[in-house]
Amino acid sequence: MDICILGPFDARISGRRLTPTAAKPAKLLALLAVEKGRTVALDECIRELWPGRVPRTANAAIHTYVSKLRETLTAAAPGTDPKSVLRTRPGGYTLTPHTWSSDQEEFGRLAERGHRAAAAGDDAAASAQFRRALALWKGTALSNVEAGPLLELRRTELEERRKSAYERCVAAELRLGRHYELLGELVAQTAVDRTNEQLHAHLMLALYRVGRRVQALQVYRNLRHQLVKELGLEPSPGIQALQRAILSADRSLHHAWTPEQDRRTA
């Protein structure tokens with residue numbers, strides 16, 4: 001079974017699409033897929049599919065959705081026992097195909113390798129692993145599913161893991177001297193995430209290293225304006241230290257200093 005979660009949700013077996021066109025069965029399949037073999041309790045399924053008022057027929061409806069999904073499995077992969085793929089467990093259901101390919105799991109493996117490489121000081125390996133992990137994303141996780149409370153939580157968790165991987169990837173690449181290559185994407189990222197201090201620090205450093213000190217300081221001013229306006233907060237000590245280093249043309253900005261380094265030593 002091939003499952004795509006990092007973008008529009010899609011599930012296929014033997015190349016044939018399993019994702020239902022109806023919203024609630026599709027949401028149920030997405031929930032089971034995101035949980036990666038964990039038994040999802042019937043109560044959790046109901047809460048996801050009917051986050052507001054729960055109809056009296058909810059249990060029967062979920063049973064019908066499961067039966068339809070199993071019929072689709074049988075049609076897509078003749079000879080496969082659908083009950084061994086979509087299992088009924090005490091109190092709930094589990095999706096456990098014999099072969100499983102998930103972009104969510106692949107992202108987790110690659111990102112973990114990137115984090116290990118970064119911790120070991122191997123920035124080239126960290127960059128390579130993080131870039132492979134980030135390339136798996138095709139948009140917002142489960143973008144074509146109207147998420148209820150459980151899927152929304154999983155979506156948020158995945159987006160945070162994506163953000164962490166991207167920030168550490170950029171930090172590694174700045175240490176490798178790739179400031180010119182990073183400028184365009186950092187401008188785009190900070191335009192979307194206007195209060196993310198780490199991304200703004202990366203952009204400030206990249207701009208300074210390519211000789212655009214005035215623009216780097218303007219990035220700081222824009223960030224400070226957004227933080228004060230939206231949150232009533234001043235920038236953190238780390239990014240304030242970066243601004244001071246840029247103002248004083250600190251020589252370490254060209255080779256050793258990174259936003260992560262300053263955060264550790266501040």
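**View 1. Helix α7 in the lining of the largest pocket.** Of the elements that line the largest pocket, α7 gives the largest share, with five residues. The model shown here and in the other views is predicted. Helices α6, α7 and α8 (179–192) each supply at least two residues of this lining. The residues around the pocket are Arg-131, Leu-134, Glu-159, Arg-162, Lys-163, Tyr-166, Glu-167, Ala-188, Gln-189, Val-192, Asp-193 and Leu-199. The space in the pocket comes to about 370 Å³. Rolling a probe the size of a water molecule over the atoms shows where empty space is left.

**View 2. Helix α6 and the elements that cover it.** Helix α6 takes in residues 123–134. Its twelve residues should span 16 Å at 1.5 Å a residue, and this agrees with its end C-alpha atoms, which are 16 Å apart. Which residues of α6 are buried? They are Asp-123, Ala-126, Ser-127, Gln-129, Phe-130, Ala-133 and Leu-134. Among the elements that cover these buried residues are α5 (103–119) and α7 (149–175). An α-helix has 3.6 residues a turn, so residues three or four places apart point the same way. Leu-134, buried in α6, is also one of the residues that line the largest pocket.

**View 3. The open sheet of three strands.** The strands of this sheet follow the order β4-β6-β5, and their pairing is antiparallel. The edge strands, β4 (40–41) and β5 (86–89), each pair on one side only. Helix α1 (residues 23–34) packs on the sheet and touches β4, β5 and β6. The direction of α1 makes about 70 degrees with that of β6. Helix α3 (residues 58–76) also packs on the sheet, where it touches β5 and β6. Between the directions of α3 and β5 the angle is about 145 degrees.

**View 4. Strand β6 and its partners.** Strand β6 (residues 92–95) pairs with β5 over four bridges, in the antiparallel sense. Across these two strands, Arg-87 has Thr-94 of β6 as its bridge partner, and Thr-88 has Tyr-93.

**View 5. The open sheet of four strands.** This sheet has the order β3-β2-β1-β7 and mixed pairing. Its edge strands, β3 (16–17) and β7 (101–102), each pair on one side only. Strand β1 (residues 2–4) pairs with β7 in the parallel sense over two bridges. At one of the positions along this pair, Ile-3 has Ser-102 of β7 as its bridge partner.

**View 6. Two loop residues with a positive phi.** Ser-14 lies in the loop between β2 (10–13) and β3. Its phi is positive, about 55 degrees, although Ser-14 is not a glycine. Leu-142 is found in the loop between α6 and α7. It is not a glycine either, and Leu-142 has a positive phi of about 55 degrees. Is Ser-14 buried or exposed? Ser-14 counts as exposed because its relative accessibility is 61%, and the cut-off for exposed is over 50%. Leu-142 is buried, with a relative accessible area of 0%.

Key
Residues numbered from 1 in each chain as written. Predicted model: local features only at pLDDT ≥ 70, side-chain atom pairs only at ≥ 80, totals over all residues. Heavy atoms only, no water. Pairing = 2+ DSSP bridges. Contact = heavy atoms within 4.5 Å. Axes fitted to C-alpha atoms, helices over the stretch in contact; angles between N-to-C directions. Expected span 1.5 Å × (residues − 1). Buried < 20%, exposed > 50% of the residue type's maximum accessible area, 1.4 Å probe, protein only. 1 Å grid on protein atoms, 1.4 Å probe; cavity = no way out; pocket = protein on both sides within 12 Å on 5 of 7 lines; lining within 4 Å. Points joined across faces, edges and corners; volume = space filled by probe spheres on them.
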